[in-house]
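The entries follow in the order of looking.

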Amino acid sequence: MADQCSIDVGGVRLAYRVSGPPEAPPLVLLHALGEDASDWEPVLPVLARCRRVYAPDLRGHGRSDRPGEYSLELMRTDVLRFLNALGLDRVDLIGHSMGGIVGYMLAQDHPERVRRLVLEDVPLPRPREPSVPARPDGDLPFDWEMVLAVRRQIDAPDPSRLERLGEITAETLVVAGGPASHVPQDGVAELARRVPDARMVTLPVGHLIHRAAPEAFAEAVATFLSIAAVKNTWTQDAGS
């Protein structure tokens with residue numbers, strides 16, 4: 001059972017969920033655009049078996065503040081301040097899609113803070129044809145202005161981010177969603193090639209890998225993170 005918490009990170013309140021043994025090594029989960037910490041529920045029981053798992057709602061998402069100022073760099077800084085505020089020196093980190101971009105930016109800019117990095121169906125930072133999405137009707141569990149700001153950055157990324165993928169020193173696993181994903185898979189493969197010594201595995205279930213194939217995703221990640229006895233605990237934990 002995850003505890004619901006919140007913490008101030010430089011004037012922005014981030015909500016987060018924490019679970020797992022308090023003395024276990026820390027693992028941070030960063031969700032995709034428009035999601036929040038609850039998105040990790042299908043795999044959280046297994047990952048929290050042997051890790052202290054922290055899953056924040058990034059700014060503009062879920063129960064966290066909506067400060068009106070948004071960028072991938074601000075999200076990266078929020079995560080760094082989140083680690084500092086909780087006294088987490090060096091962590092393993094899993095990032096899905098946008099959360100993976102924030103994760104590899106943290107690994108590029110502060111390599112001493114990320115030990116192992118899992119990038120789940122994360123797009124390569126290359127320019128793409130911009131498009132303006134239509135706002136869904138009704139109240140949203142995220143700030144629509146945040147969506148527009150982040151999409152602009154993903155459409156036209158900082159060119160240095162591509163070259164700096166080679167600076168990542170964290171052990172890295174790239175998990176690709178295969179042909180059913182809307183993320184170009186040749187770009188995911190190139191990302192894996194550009195990160196030194198990165199490993200890549202494809203789970204062909206589309207972009208939402210950890211939701212579509214939670215057992216396969218958890219086992220791939222747990223093997224990479226050296227979390228023991230995953231297969232023996234999956235049935236028990238996933239059903240709890």
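The notes below concern a predicted model.

I number residues from 1 along each chain as its sequence is written, and side-chain values use heavy atoms, with hydrogens and water left out. Local features need pLDDT of at least 70 and side-chain atom pairs pLDDT 80 or more, while totals for chains, interfaces and linings use all residues.

I looked up the strand order and found an open sheet of eight strands, 1-2-4-3-5-6-7-8, with mixed pairing. Strand 1 (3-9) and strand 8 (199-202) are the edges, each pairing on one side only (pairing requires at least two DSSP bridges; strands are DSSP E runs of at least two residues, and helices H or I runs of at least four, numbered from the N terminus). Strand 2 (residues 12-19) and strand 4 (residues 52-56) run antiparallel, joined by four bridges; Val18 stands opposite Tyr54 of strand 4.

Asp155 counts as buried because its relative accessibility is 7% (buried is under 20%, exposed over 50%, partly exposed in between, with a 1.4 Å probe and protein chains only). Beyond neighbours within four places in sequence, Asp155 is in contact with Arg126, Pro127, Arg128, Glu129, Pro130 and Ser131 (contact: heavy atoms within 4.5 Å).
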